[in-house]
Protein chains: 2
Amino acid sequence: MQIVRSIAELKNILNPRKREGRTVGFVPTMGFLHEGHMELVEEARKDHDIVVMSIFVNPAQFGPGEDYDAYPRDEQHDAELASTAGVDYLFIPSVDEMYPRKSGISILPGEQASRLCGASRPGHFDGVLKVLLKLFSIVDPDESYFGMKDAQQLAIIETFVQDFNLRTSIARVPTVREEDGLAKSSRNVRLLEHERNEASAINRALSQGKRSYYEGVPLQEVAKIVRKAIEEETSGTIDYVDVLAYPSLEENIDDTDEVILAAAVQFTHARLIDNIIMSTIKDEKNV
Amino acid sequence: MQIVRSIAELKNILNPRKREGRTVGFVPTMGFLHEGHMELVEEARKDHDIVVMSIFVNPAQFGPGEDYDAYPRDEQHDAELASTAGVDYLFIPSVDEMYPRKSGISILPGEQASRLCGASRPGHFDGVLKVLLKLFSIVDPDESYFGMKDAQQLAIIETFVQDFNLRTSIARVPTVREEDGLAKSSRNVRLLEHERNEASAINRALSQGKRSYYEGVPLQEVAKIVRKAIEEETSGTIDYVDVLAYPSLEENIDDTDEVILAAAVQFTHARLIDNIIMSTIKDEKNV
């Protein structure tokens, strides 16, 4: 595995290989890698000749008062994991390399970004789209891999790619979980010990919500059940528990084939998110 | 020359040729071609194996009350001109092909878009960037050709390409003019006869402004001279006569190597723009 820090060097490496007809799978990350990321690499490795991973803690997607400075970083350990998982090129640009000057041009997601995490993180998805358009332009991947844990991010990226005819295709990869069901996340290390024990309640509550839905409970009630379970079983503060059409993220779920049941919970030093995508029950007029 | 109307077909044509190592020069237009466009094709033809021209009157860059419906169109004549000029593939997508659904995602240019034409055409450059990101993604050109007549558009596009690492490079092509100096434009056909005669005054006034500047007249005064000359010699209404740093389009011109002297004049059925780029006089403290 080769570590590359400059945009020009990465393009010089990839362009001739692509001209030879090799395909590129791309795994963009913010580092502090865990098995969730490894799963993305594994999928990319199966499908493509070359696997590129980027590690870039993107300041543009952190708001004021968010955890940019405190976001965990461990480049050496990341490099070992990436190499073991089969990454060919690990792209680790500096902030100056990615943003050499202040750009006046911004990419604004629409309604999709106003719900769920977007409501409490204004500007977050602007920053995500900005860095992704840059990374997609630099790497020019055939396929890019994203985890389902960040389901809203994934939905917005799929819209971006589709509406702007971007050249990469997008692969959805299921969330990887700890044994107790907690979704793997770089932020989990920042949970206090009792919070780590409680945090598995989020996934349990979502699963309970899903079961309730398929047992006939209306979706509005399902959200309440999930909220109550998280409140009772954790010391965290609920940011949202919501049910929306997926991937449009619209509140009207009458015509959608899938809904997302999503939760965000703020603990002392970490805000965790998780979700379940459910096929809607059409015939039984359940909604 | 082959006319292509579908995005998928164009990609199917271009992708294998690019893999063979052929380079693509791209000339995006709104059609109703004139010698200015032919000049763009000629430059692209010199530099690249394949020349792609697009003709798409982009609704996203016309504001309410602007001339989208009235914008002149003549596909057959355009195709003849493009073929003669050496275009290989003429891409003419429908509005439905380019915008199959309403997109919630928008690209907002910054300060650069607030001056000159941006001031009186809010949203115009959003629409330009939206369609260009789509076209750049579809065609994936090595180099894209733009005329200097739309100097603000060119400046914003150069910023977009640079700030987002887009894969195309941008070629600046000098404005092509009629014998009397009027900048070639698809909108010139919509001038009334007396307006067509008067319209050459715009370029004359800008040239007079440039001469005055190099004779020692301060730039603020230069703009007044140009404004006065256009007012006296045409029946049109001046939208702006302005002097800005180029390509930043900032009002502060202390540190710039080049300034743009630009004018926009509204006639009965056509709004004309023109400009001159001038090297700043540094030593003589002229400003």
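1. Against which elements of chain B do the buried residues of α1(B) pack? They pack against β1 (2-4), β2 (24-29), β3 (50-55), β4 (89-91), α4 (95-98) and α6 (124-139) of chain B, where helices (H or I, at least four residues) and strands (E, at least two) are DSSP runs numbered from the N terminus, and where contact means heavy atoms within 4.5 Å.

2. A word on the basis of this note: the model is predicted, so that local features need pLDDT of at least 70 and side-chain atom pairs count only at pLDDT 80 or more, while totals for chains, interfaces and linings use all residues. Residues are numbered from 1 along each chain as its sequence is written, chains are lettered from A and ligands numbered from 1 in the order in which they are written, and side-chain values use heavy atoms, with hydrogens and water left out.

3. The buried residues of α1(B) are Ile7(B), Leu10(B), Ile13(B), Leu14(B) and Lys18(B), buried meaning under 20% relative accessible area, exposed over 50%, and partly exposed in between (1.4 Å probe, protein chains only). These residues lie on the same side of α1(B), because they cover an arc of only 135° around the axis, the arc being that of the directions from the helix axis to the C-beta atoms. On the other side of α1(B), Asn12(B) and Arg19(B) are exposed.

4. The 13 residues of helix α1 (residues 7-19) of chain B should span 18 Å at 1.5 Å a residue, and the end C-alpha atoms are 18 Å apart, which agrees; the expected span is 1.5 Å times one less than the number of residues. At the start of α1(B), a side-chain oxygen of Ser6(B) comes within 3.4 Å of the backbone nitrogen of Ala8(B), and α1(B) is followed by Gly21(B), which has a positive phi near 95°.

5. Arg187(B) sits in the loop between β7 (169-173) and α8 (193-214) of chain B, and Arg187(B) counts as buried because its relative accessible area is 16%. Its side chain makes a polar contact with the side chain of Asp67(B) at 3.2 Å, a polar contact being a pair of N or O atoms within 3.5 Å, of which, within protein, one must be able to donate a hydrogen and the other to accept it, and residues adjacent in sequence count only if both atoms are side-chain atoms.

6. Chain B can be laid on chain A with an RMSD of 0.0 Å by a turn of 180° and a shift of 0.0 Å along the axis, the copies being superposed by least squares on the C-alpha atoms of residues with pLDDT of at least 70 in both. The two copies are therefore related as by a two-fold rotation axis, and in chain B the C-alpha nearest that axis is that of Ile107(B), 2.2 Å from it.

7. The contact between the chains takes 30 residues from chain B and 30 residues from chain A, and because 100% of the interface residues of chain B are also interface residues in chain A, the copies meet through the same surface.
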